[in-house]
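Subject: Handing over a structure

Hi,

Here is the structure I promised to pass on. Please have a look at it first, and then read my notes below.

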Amino acid sequence: MGFSNDDVVLIQKGNKPGEPYVITVNCPDKTGLGCDLCRIILEFGLSITRGDVSTDGKWCYVVLWVVPHCSSTNVRWASLKDRLLSVCPSYSASFYFNQQSGQSSNPPVYLLKFCCIDRKGLLHDVTEVLCELELTIQRVKVMTTPDDRVMDMFFITDNLELLHTKKRRDDTCRSLNAVLGDLCISCDLQLSGPEYETLQQGVSSLPPAVAEELFCCELSDKDNLSQALTPDLTKLKMASVTIDNSLSPAHTLLQIHCIDQKGLLYDIMRTLKDCNIQIAYGRFSSTTKGYRDVDLFIQQKDGKKLVDPEKQSSLCFRLKVEMLHPLRVIITNRGPDTELLVANPVEISGKGRPRVFYDVTLALKVLGICIFSAEIGRHLTSDRQWEVYRFLLDESHEFPLANSRARNQIVDKVRRTLMGW
């Protein structure tokens with residue numbers, strides 16, 4: 001017997017203005033489902049205030065309380081429901097007899113190319129339009145010419161899978177023209193060709209010293225304030241991850257206590273997904289004095305408890321790094337120019353973190369800093385792949401880029417925007 005969509009994903013509005021929306025997911029289970037749900041919720045500009053999850057290994061029940069990151073966020077709840085449904089395993093009875101991989105073919109990549117007169121905040125305004133239209137930025141190449149014109153190339157995929165239609169393409173260009181106004185010189189959107197692969201291969205490689213600083217995972221006292229994205233050192237040291245095997249005969253209890261931040265539950269869930277850890281029961285508590293407590297009863301992929309001390313230590317360390325080090329932000333010199341670099345780990349599935357480009361361009365817009373050029377690429381270290389965002393910044397009177405204090409202010413603003421502080 002099958003189930004209707006309303007049985008699988010239900011979104012309920014709070015009883016009073018300002019109260020969280022409640023998202024309920026009731027469907028067959030799969031490893032990493034929690035990560036997929038949290039990723040989509042983060043992509044829609046929502047924060048998870050608390051949550052509960054339970055499963056018997058075949059069927060799961062998830063309840064998440066969510067609120068917009070900011071009051072101006074316009075959430076398309078119907079579209080959110082469709083996106084959440086898209087990652088739920090088949091909810092027909094045949095699921096148990098013919099379970100297929102949830103991986104779908106790679107969506108087609110489209111090239112959005114436009115030329116316009118430059119102005120402060122332009123790149124963020126364009127990014128905001130693309131987010132509202134549920135278009136995901138895969139790669140970007142932004143160049144500013146000496147006569148203050150901008151040539152932008154956005155390689156995008158469509159979460160609604162409608163860009164093959166002329167109406168969807170026309171609506172996208174119309175929305176961009178509404179934001180750019182008279183500054184827009186030309187706008188074109190079409191299926192990408194070999195230039196997409198060329199762009200991926202042509203992304204500048206990172207100098208070894210810069211890569212070492214950006215991807216270092218050690219949380220030494222020196223790194224605490226410069227790399228770990230936390231407001232202060234005291235809160236950083238209070239983060240803890242512990243494992244207890246005494247409370248359940250079949251499951252390992254994983255307990256996490258750390259400072260609250262945007263995407264926290266996503267960072268925890270993607271780490272467990274990448275480590276092939278299954279969650280039987282979990283609770284994500286409400287914020288208490290700026291901190292979160294997460295209790296998870298987990299098993300390994302083979303259905304056994306996590307008893308090996310080495311595996312326990314490895315998982316605890318990995319989780320702590322991902323909570324304290326979810327994104328890397330530095331400013332460095334690139335020849336005569338000043339470059340802002342932001343990096344985040346890529347899931348084993350190949351997906352990067354949502355809304356990073358949006359948040360970075362927002363922070364720079366608020367500071368009034370113009371972006372001379374921007375690009376997104378991938379970087380492979382010894383143990384994982386990273387998504388790297390690179391921005392060449394224009395000099396400004398408010399933030400002289402040769403000044404270390406101004407640089408620190410830029411990095412701090414970008415970090416706090418990324419982490420929702």
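Some background before the rest. This is a predicted model, in which local features need pLDDT of at least 70 and side-chain atom pairs count only at pLDDT 80 or more, while totals for chains, interfaces and linings use all residues. Residues are numbered from 1 along each chain as its sequence is written, and side-chain values use heavy atoms, with hydrogens and water left out.

The overall picture

The protein chain has 13 helices and 16 strands. Both are DSSP runs numbered from the N terminus: helices are H or I with at least four residues, strands E with at least two. Of the 421 residues in the protein chain, 50% are buried. Among contacts with a separation of 6 or more, 69% are between residues 24 or more positions apart; contact means heavy atoms within 4.5 Å.

Helices α4 and α12

The crossing of α4 and α12 is left-handed, a term used if the near helix is turned anticlockwise from the far one by less than a right angle (right-handed if clockwise).

On the α4 side, L123, H124, D125, T127, E128 and C131 take part, and they meet F357, Y358, T361, L362 and K365 of α12. By type, the residues of this contact are 5 nonpolar, 3 polar and 3 charged. Here Ala, Val, Leu, Ile, Met, Phe, Trp, Tyr, Cys and Pro count as nonpolar, Asp, Glu, Lys and Arg as charged, and the others, Gly among them, as polar.

Helix α4 is mostly covered, with 8 of its 11 residues buried: L122, L123, H124, D125, V126, T127, V129 and L130. The elements covering them include β5 (110-117), β6, β7 (149-158), α5 (166-180), α12 and β15 (371-380).

Helix α12 is largely enclosed by the rest of the structure, because 9 of its 12 residues are buried. Those buried residues are V356, F357, Y358, D359, V360, T361, A363, L364 and L367. At 1.5 Å a residue, α12 should span 16 Å, and its end C-alpha atoms are 17 Å apart, which agrees. The expected span is 1.5 Å times one less than the number of residues.

Positive phi angles

Most residues other than glycine have a negative phi. Against that background, E134 has a positive phi of about 60 degrees although it is not a glycine. E134 sits in the loop between α4 and β6 (135-144) and is buried, with a relative accessible area of 5%. Just after α12, G368 takes a positive phi of about 75 degrees.

The end of the chain

Strand β16 (residues 385-393) contains R390, which is buried at a relative accessible area of 5%. The side chains of R390 and E339 are joined by a polar contact of 2.8 Å. A polar contact is a pair of N or O atoms within 3.5 Å; within protein, one must be able to donate a hydrogen and the other to accept it, and residues adjacent in sequence count only if both atoms are side-chain atoms.

In the loop between β16 and α13 you will find A402, which counts as exposed at 78% relative accessibility. At its start, a side-chain oxygen of N403 reaches to within 2.7 Å of the backbone nitrogen of R405. G420 follows α13, with a positive phi near 75 degrees.

Enjoy exploring!

Conventions:
Buried means under 20% relative accessible area, exposed over 50%, partly exposed in between (1.4 Å probe, protein chains only).
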